[in-house]
Amino acid sequence: MGYAAGVGKTYQMLEEAQALKARGCDVVIGYFEPHGRKDTIARTEGLEIIPRMKLEYRGTEFEEMNTQAVLARHPQYCAVDEFPHTNVPGCERLKRWEDVQLLLDAGINVLTTMNIQHLESLNDQVWHIAGIRVRETIPDWVVQQADEVVMVDLTPRALLHRLERGVVYGREKAERALQNFFRESTLVALRELALRETAHEVVHRTVDGGPEAEGMEAATRLPRPKILVLVTPDPETAMVIRRARRVGDFLGGECFAVAVDAAGDLSGLSEADRDAVERHLNFARNLHIETRIVEGREVAAALVDFARRNRINQIFLARPPERRRLVPAFSRDLVQQIVNTAKDMQIVIVAPREPVGQG
Amino acid sequence: MPPERGRKSPEQLLREVQAEEAPQSRRHLKIFLGYASGVGKSYRMLDEARRRRERGQDVVVGAMQPNVPPEVEGLLRKLEVIPLKQVGSGTAMDVEAIIQRHPAVCFIDGLAYNNPPGVRHPTRWQDVEELLKVGIKVVGSINIQYVTELAAQVEAITGKRVDQTVPVAFIQSADEIEIVDAAPQEPIERTPEEELNAAIRSQRLSKLRELTLVLAADVVDRQLNQYLENHGVQQAYGTQERILVCITPRANAHEMIETARVFAQRFHAELIVAYVRQAQISAADQAALDEKLAVAREAGARIEILEGEDAVDAILDFAHSAGITQLFIGHSQRSGAWQRVWGNPVDQLLRRSRGMDVRVFPQ
């Protein structure tokens, strides 16, 4: 786990691959992105590389991991760079993490690399910090499957020096990158996020397995969180789903996502709204959240009723946008209504995180 | 919302000038922080020494650990090493020789050493301060076990007491801190320890890893806030979760505080419990409030007593200036006509808070 290109993830992964090989393990490289970095390329020396698969898409040749070849070779360990990568159209699977899933299912151990900004549940926070909507994301449950998460650290200053010296990208690209994403404060913030996330991943694995050692925190007597997310056509819904998933994971609870419709099948909505709601429900399912469409004319009443029947103890809602004149009155009223109806539950109103402006 | 960039206060301008002038005159300390011996700190640090040397910097090694693995020895052979000096029956870093030699950067493997009697400073980190004072940049390494403030916690985890420690303030004073992380099985295989239940051992190492990562994150958070302040950016990044629990004498505070405690623990968040001082408060209310504040302290919260005629204003002013990301409040107990006319505080907090999630609790 790193926080930016150039911190040395691939290098450290290859170091570990070398160490495994030195110990007598059967190790291959399934995919590796050299980016023209000499030090990194040198670390592949002596390791077997499975040739990539060549594909043509719109007249350009692309190279992807040859998953079938790796499966056929069936090594003990396989190093796969750039976990969040999206495969070029024409590949059997959409995402590289799905290819990795296949290797794992076949009993191959995998070492892989990713940056913190690609973790789905942090998407809004990354937008807040860097002003960038990262499109290539990995659902949190995929990362949670990892047996180990290791932080590859480098100080932002050292990273910026590397950039200036053109180690990371070619010289021309470096200057543009410097002005945008690689601003020092952004890097510092992403790094902090990566440190905290890795700390969480470490504890997460400790809590789950084995006897409790001394020095561990005592458990809580609070009931296990059961979180309900209200799904609406409102684009903020995706953010609420991500937030609920994250809180649920951290607190060890479960999540449900529910849309309310008079007919119970979204037929009461306009086509655009129906598409949006379906997209959000799909998104929730991708994050392993159970979804439901609840029948009801009054959204607040139907939602709270569903919550009580299913012993929900937390409801997550989007906060209505501020520009009041542009917002239909019911949107504000809805939050108010739910807050006033469900006084026996915790109601969480999730605030949007706008990008931090930088001087 | 972009930060206010128009006019800067004199204090802000001063801070900026100071921040820009500082690097030339200021000390420069970089620390490699690891969670156990054997994770590869020495290698990473000396590899940086090698790279700096190859780029033409004047680099020396001021101190090394007694037993180093072969790959570290290989790096050492390419570097200039100033040997430790013999003092009585012990050894210490040769500060005088390093100052005499006056390199641009001095690398020190192992910052947590007590010097033998007869050396000017009792500890090595104080020797480092002296090098920094004369303008030598220092790059050093240390394990989390040797942080003074964490000694008790580490003892609870490892069962071992360490007496050679470095204060956390010294680590926080570093300009740069870098984590050397690795999956726990590696160091276990390298240091043959006494036979311990493997599961407990790996748990202990995980706990040390967690402490290390969080300490580094806290140092980074301070630097980030400093950086933002120096550049006149008033908005928080929210990279560290900060929870503010608002209580009143009659609030059902236990669930709120317990939820906040668990939340803070899992998210490594800062926990603050606040109440707005009321002009007239009955003895019964005061007693109820004191009891809740005791619960809050027990949960590890920092207590803030806010002042202000309007409770909502007081809470929001504080929350926005403290970079709160989670605001915990109780459901309003008022209802009916009063609310329709005046609006309730919950609704106002929802409407006027910025950049924080609001969690409303049953009462």
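## Close-up views of a predicted two-chain model

**View 1. Helix 6 of chain B meets helix 9 of chain B.** From helix 6 of chain B come B:Gln153, B:Ile157 and B:Thr158; they meet B:Arg204, B:Lys207, B:Leu208 and B:Leu211 of helix 9 of chain B. By class, this contact has three nonpolar, two polar and two charged residues. As in every view here, the model is predicted.

**View 2. The side of chain A that touches chain B****.** Chain A gives 54 residues to the contact, and chain B gives 59 residues. Five elements of chain A each supply at least two residues of the chain A side: helix 5 (123–130), helix 9 (184–208), helix 10 (236–251), helix 13 (329–341) and strand 11 (346–350). Helix 9 of chain A provides the largest share, 14 residues. By class, the chain A side has 26 nonpolar, 14 polar and 14 charged residues.

**View 3. Strand pairing between chain A and chain B****.** Strand 11 of chain A pairs with strand 13 of chain B, residues 357–361. The sense is antiparallel, and the pairing runs over three bridges. A:Ile349 stands opposite B:Val358, a residue of strand 13 of chain B. Strand 11 of chain A is also one of the elements that supply the chain A side of the contact with chain B.

View 4. A:Ala284 has 26 C-beta neighbours inside 10 Å, so A:Ala284 counts as buried; the cut-off is 20 or more. Leaving out residues up to four places away in sequence, A:Ala284 touches A:Val231, A:Ile241, A:Ala257, A:Ile289 and A:Thr291. A:Val229 is 55 residues from A:Ala284 in sequence, with 9.5 Å between their C-alpha atoms.

View 5. Chain A has 13 helices and 11 strands. Of its 359 residues, 43% count as buried. Take the contacts in chain A between residues at least 6 apart in sequence: 71% of these join residues at least 24 apart.

Note on methods: Residues are numbered from 1 along each chain as its sequence is written. Chains are lettered from A and ligands numbered from 1 in the order in which they are written. This is a predicted model: local features need pLDDT of at least 70, side-chain atom pairs count only at pLDDT 80 or more; totals for chains, interfaces and linings use all residues. Two residues are in contact if their C-beta atoms, placed from the backbone, lie within 7 Å. Helices (H or I, at least four residues) and strands (E, at least two) are DSSP runs, numbered from the N terminus. Ala, Val, Leu, Ile, Met, Phe, Trp, Tyr, Cys and Pro count as nonpolar, Asp, Glu, Lys and Arg as charged, and the others, Gly among them, as polar. Two strands pair if DSSP finds at least two bridges between them. A residue is buried if 20 or more other C-beta atoms lie within 10 Å of its own, exposed if 12 or fewer, and partly exposed in between; C-beta atoms are placed from the backbone.
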